[in-house]
Amino acid sequence: MEKNPGKSPRRLDYEAKVTGRAEYLADMKLAGVCHGKILRSPFPHAKIVRIDVARALKIPGVVAVLTRDDILSNEGIEPYYGPVFNDQTIVAVDKVRHVGDPVAAVAALEPDAAKEALDRIDVEYQELPAVLDVHEALKRGAPLVHETVRIPTSGFADLAELRPVEGTNVCTHFKLNKGDVEKGFADSDLIFEDTFTLPATQHAFLEPHACIASVQRDGRITVWSTTQNPFVVRTQLSNIFRVPVSKVRVVVPYLGGGYGGKVYPKVEPLTVALAIKAQRPVRLVLSREEVFVTITKHAAVIRMKTGVKNDGTLVARECEVWLDTGAYAEIGPRVAKKSGYTAAGPYRIPNLKIDSLSVYTNKPPAGAFRGFGVSQSAWAHESQMDIIAAALKMDPLKIRLQNGYDEGNEFVTGERLHSIGFKRCVKEAAKAIGWGKGVQEFKSSRVHGNEEDVRRGKGIACLIKATITPSISCAVVKLNEDGSATIYAGTVEMGQGSETTLAQIAARELGIPFKDIHVTGVDTDVVPYDLTTSSSRSTFHMGKAVQLAARDLKAQLKKIVAQEYGLPANQIKLADGRILLPEAALEYKDVLFKRFGMRGGTLSGQGLVKTKLVNEKGEKTTSAFWFLGAGAAEVEVDCETGKLKLVKYVTAVDVGRAISVLGCKQQLTGASITGMGQALFEELVYDNGQPLNPNFIDYVLPSLGDMPEVIEPIIVEVPQKDGPFGAKGIGETALIPVAPAIANAVFDAVGVRIKDLPIKPEKILMGLQEKTKAQN
């Protein structure tokens, strides 16, 4: 996007990653570094009676062993932390709350020595009754995962009203009420009530969580981390180790994927504590099995009751969302809140009663995952929209367009919606999938010669999602003496192409070649503050901050020229990277030379984007902008085996304005593929709290052979006035409608309604058999 909107240059990280020169944390070398290993709980719930590390310390090469005694006896360490509630500890101090909970850690000169030392640590446990699903956890008298939860004195403004329910396993309970839901049901012609379920799943990023920590004698902490929000990690480490923020430095190399699984502290507190105990740097890299017990996507049970008129008008909805947040709150309270207020979907429903709970259980913690609770609620409301349409003998497309949001409509939270491309997305997706043209039942031959009954169907689904608000991003753009530019930004490059997008924005605003712009890596000692690289917020927030910083530079250049050449400001114009005077044109480097002389100098521009819960007009704002999109699927179903084949998938997303057309299409396609895995294959399986498939062999991910022949990404542009050149974020949007779109297509093909993910052949086959019995 240098001069032409939507231009797609080669990515800045392209050559480094293709040639293998890109440095990830595992590639880093640090003199004198020890190797860290973690001893984890074998039980889902147990009291720690005794820990003895004497035998472990005798292993040659072992430098330090970290236990609860080191945490509780050190006045320089605050034992409890967490992004919302202080319910986590560096290692378990009283009891373990899930299989895989850290109990102790070892630092050794060699990995093998550290591993052997783990086997020599003696731990005596007293097993406790465990709660392993949300309904069990909510029963009166259920064992408590936490007897009490510590509330931090300061936290996220958007979560200030949410608190744990003491004496229960309710982590948070978000409530939303609008209109009179009972009257709405009384006024409805038909009422539909369904329950939908989703399993816990894994983020499946290629690079595992990892950290290198070094602590100097003066207490200064330096951390190299695989994190998506280094400034939040910096603040948390400052609080835990009771040092000023100025004494904590967090550096993030290239990140090998995140998808929400690397936001907020993960292994950083433990690595720093181990480095303090060892008095030398420590490297900790998790195995894949450890990643599976570190963070997951929330499993969910959703009961949805909806009242409608005979013409398809939505009148009332009552919804209960139960999210399994696992052993620790993590960011589950926000996930539950967002899942709650999107349970109405992208539709106008005048009467609502929504209860969304994050619930503690004795399973691994659940946190942010692409879609952030909206994929859970969308699975329910988009499946039920088709259930309603079928009962009313109404076109599923028509009922969505009839009830969907338009520009200026009021959202469930009471605010007005602007820059809303919802219906354009729905229509584009429907057109691309061939909606209304119908599909044919057809016969095809098996390999062994017998014929099979294969049927086709089409389905559609939609979404609305918010971005994290309030939020803040700061950027600095430095104009160098030769007219090139350097961007200082805290956005983490993790494969999404953020470096390239920020460079495109600066190039266009300054009018200089894209190739002359460099984006620095993320180092909290160098780059200005950014809240997080998540919630698909970076293009909108950091992109705008970069644009404002570039504008600041242009204003400074104009002022310099006015002073140096004695011209009034109205006679100075900036265009195409040059400064136009009445009788001459200056290059940026000429102005810098004029200003600083032979030795050269630089100018720095600053940009700040700060979004609030109340906008400049005094209106409530849940989200700085809204994600809107639709997905459409065409499937084949073998009626004899239940085998499902995804033939084609279409995703249409309102991007605001495409900074890079290719980058947008890649994001939409990638998110759709992630959604296909969530829809068709992925689920974490537990037996009494023990994970049964904590690896990429037993945890099934989609392969190339599972992909449809066609994945068609469609860019819809409805500019957002506050975004850079009108851009919004898009990263998560395409994932959310995939599962309900496929489920709706399955129903269209064979009349079987799947209400629990993933959509497996055996579930379809069982549904077909039950359907046959009912007909007989």
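How many cavities of 30 Å³ or more does the structure hold? The structure holds four of them, a cavity being a set of points, on a 1 Å grid over the protein atoms alone, where a 1.4 Å probe fits but cannot get out. A volume is the space filled by probe spheres set on the points, which are joined across faces, edges and corners. This is a predicted model, in which local features need pLDDT of at least 70 and side-chain atom pairs count only at pLDDT 80 or more, while totals for chains, interfaces and linings use all residues. Residues are numbered from 1 along each chain as its sequence is written, and side-chain values use heavy atoms, with hydrogens and water left out.

The largest cavity contains about 280 Å³ of space. It is lined by 22 residues, of which Tyr81, Gln88, Pro102, Lys266 and Thr294 are the closest to its centre; a lining residue has an atom within 4 Å of a point. At least two residues of this lining come from each of strand S1 (34–40), strand S5 (88–89) and helix H8 (268–278), where helices (H or I, at least four residues) and strands (E, at least two) are DSSP runs numbered from the N terminus. Sorted by class, the lining of the largest cavity has 13 nonpolar, five polar and four charged residues. Here Ala, Val, Leu, Ile, Met, Phe, Trp, Tyr, Cys and Pro count as nonpolar, Asp, Glu, Lys and Arg as charged, and the others, Gly among them, as polar.

The second largest cavity holds about 110 Å³ of space, and of its 14 lining residues the closest to the centre are Lys297, Ser375, Gln678, Ala739 and Leu757. Helix H11 (374–391), helix H17 (661–680) and helix H18 (738–750) each give at least two residues to the lining of the second largest cavity, which by class comprises eight nonpolar, four polar and two charged residues.

## Salt bridges

Across the whole structure, a search finds 43 salt bridges, each defined by a side-chain nitrogen of Lys or Arg within 4 Å of a carboxyl oxygen of Asp or Glu. Three of these pairs are set out below.

| Pair | N to O distance |
|---|---|
| Arg10 and Glu15 | 3.9 Å |
| Arg400 and Glu382 | 2.8 Å |
| Glu732 and Lys465 | 3.2 Å |

Buried means under 20% relative accessible area, exposed over 50%, and partly exposed in between (1.4 Å probe, protein chains only).

Arg400 and Glu382 form a salt bridge that links distant parts of the chain, with Arg400 in helix H12 (residues 396–403) and Glu382 in helix H11, 18 residues apart. Arg400 is buried, with a relative accessible area of 0%, and Glu382 is likewise buried at 0%.

The salt bridge between Glu732 and Lys465 also connects distant parts of the chain, since Glu732 lies in the loop between S34 and H18 and Lys465 in strand S21 (residues 451–466), 267 residues apart. Both Glu732 and Lys465 are buried. Elsewhere, salt bridges that share partners join Arg11, Asp13, Lys17 and Glu493 into one network.

## A nonpolar surface patch

On the surface, Leu206, Phe696 and Leu701 form a nonpolar patch with about 280 Å² of accessible area together. Patches are made of residues with over 30% relative accessible area and no salt bridge, like charges being joined within 9 Å and nonpolar side chains (Val, Leu, Ile, Met, Phe, Trp, Tyr) within 5 Å; accessible areas come from the Shrake-Rupley method with a 1.4 Å probe, and for residues only the protein chains shown count as cover. Phe696 is found in the loop between strand S33 (690–691) and strand S34 (710–716), and Phe696 counts as partly exposed because its relative accessibility is 31%.

Key. On a 1 Å grid over the protein atoms alone, a cavity is a set of points where a 1.4 Å probe fits but cannot get out, and a pocket is an open set with protein on both sides within 12 Å along at least five of seven lines; lining residues have an atom within 4 Å of a point.
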